[in-house]
Amino acid sequence: QVQLVESGGGLVQAGGSLRLSCSASGRTFSNYGLGWFRQAPGQEREFVAAISRSSGNTHYADSVKGRFTISRDNAKNTVYLQMNSLKPEDTAVYYCAATARFSYLIRISGDYDYWGQGTQVTVSS
């Protein structure tokens, strides 16, 4: 019903920056809550950031607060994750996710119904 495609990942040195993009299909993009999650090798999937469907309020994991910024452009059906001051521990596959649920918990991956394929971010020390 909706397709999400991430891009912008790559290899960067510690302290550098990357900007991830997630483009979505569909006309009702503005009605979706959007989030970014990541999964490192041997680790469980964890919440990174989210942006609300109407207010545009943002939420961040403590580990990235002050370094990462999530934003959305509804006209372009795109959500972004600007990542600054990257650390080796940020290395992971990053996934964007969307939910059209009336009520959901922003940090719970199971409450998101649509997922991208993921993009690899590798930060060298």
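An open sheet of 4 strands, in the order 1-3-8-7 and with antiparallel pairing, is found in this predicted model, where strands are DSSP runs of E of at least two residues, numbered from the N terminus, and two strands are taken to pair if DSSP finds at least two bridges between them. The edges of the sheet are formed by strand 1 (4-7) and strand 7 (68-73), each of which pairs on one side only. Neighbouring strands of this sheet are turned against each other by 15° on average, direction ignored, the axes being lines fitted to C-alpha atoms and the angles running from 0 to 180 degrees between N-to-C directions. Within the sheet, strand 3 (residues 18-24) and strand 8 (residues 78-83) pair in the antiparallel sense over 6 bridges, and S23 stands opposite T78 of strand 8.

Residues are numbered from 1 along each chain as its sequence is written. As the model is predicted, local features need pLDDT of at least 70 and side-chain atom pairs count only at pLDDT 80 or more, whereas totals for chains, interfaces and linings use all residues, and side-chain values use heavy atoms, with hydrogens and water left out.

Across the whole protein, 0 helices and 11 strands are assigned, helices being DSSP runs of H or I of at least four residues. The pattern along the sequence is accordingly written β-β-β-β-β-β-β-β-β-β-β. The radius of gyration of the protein, taken over C-alpha atoms, is 14 Å, which agrees with the value near 14 Å that a compact globule of 125 residues would have; the globule rule used here is 2.2 Å times the number of residues to the power 0.38. Along its principal axes, the C-alpha trace spans about 40 × 25 × 25 Å. Of the 125 residues, 45% count as buried, a term that stands for under 20% relative accessible area, with exposed meaning over 50% and partly exposed the range in between (1.4 Å probe, protein chains only). Among the contacts (heavy atoms within 4.5 Å) with a separation of 6 or more, 59% are accounted for by residues 24 or more positions apart.

Side chains of opposite charge can pair when their charged atoms come close. With a salt bridge defined as a side-chain nitrogen of Lys or Arg within 4 Å of a carboxyl oxygen of Asp or Glu, the count comes to 5 salt bridges. D90 forms one of them with R38, the closest N and O atoms being 3.0 Å apart, and this pair links distant parts of the chain, since D90 lies in the loop between strand 8 and strand 9 (92-99) and R38 in strand 4 (residues 33-39), 52 residues apart. D90 is buried, at 1% relative accessibility, and R38 is likewise buried, with a relative accessible area of 5%.

A salt bridge also joins D90 to R67, with the closest N and O atoms 2.8 Å apart; here the loop between strand 8 and strand 9 is linked to the loop between strand 6 (58-60) and strand 7, the two residues being 23 residues apart. R67 counts as buried at 10% relative accessibility. A polar atom of the R67 side chain lies 2.9 Å from the backbone oxygen of S63. When residues up to four places away in sequence are not counted, R67 touches Q82, M83, N84, S85, L86, K87 and D90.

The side chains of D111 and R101 meet in a further salt bridge, at 3.4 Å from N to O. Both residues lie in the loop between strand 9 and strand 10 (114-115), so the pair ties together parts that are 10 residues apart in sequence. D111 counts as buried at 16% relative accessibility, whereas R101 counts as partly exposed at 31%. Salt bridges that share partners join R38, E46, R67 and D90 into one network.

Finally, G8 is placed in the loop between strand 1 and strand 2 (10-13) and is partly exposed, with a relative accessible area of 36%. Residues up to four places away in sequence being left aside, G8 touches L18, R19, L20 and T119. The C-alpha atoms of G8 and S52, which are 44 residues apart along the chain, are separated by 22 Å.

Methods:
Polar contact = N/O pair within 3.5 Å; in protein donor to acceptor, adjacent residues only side chain to side chain.
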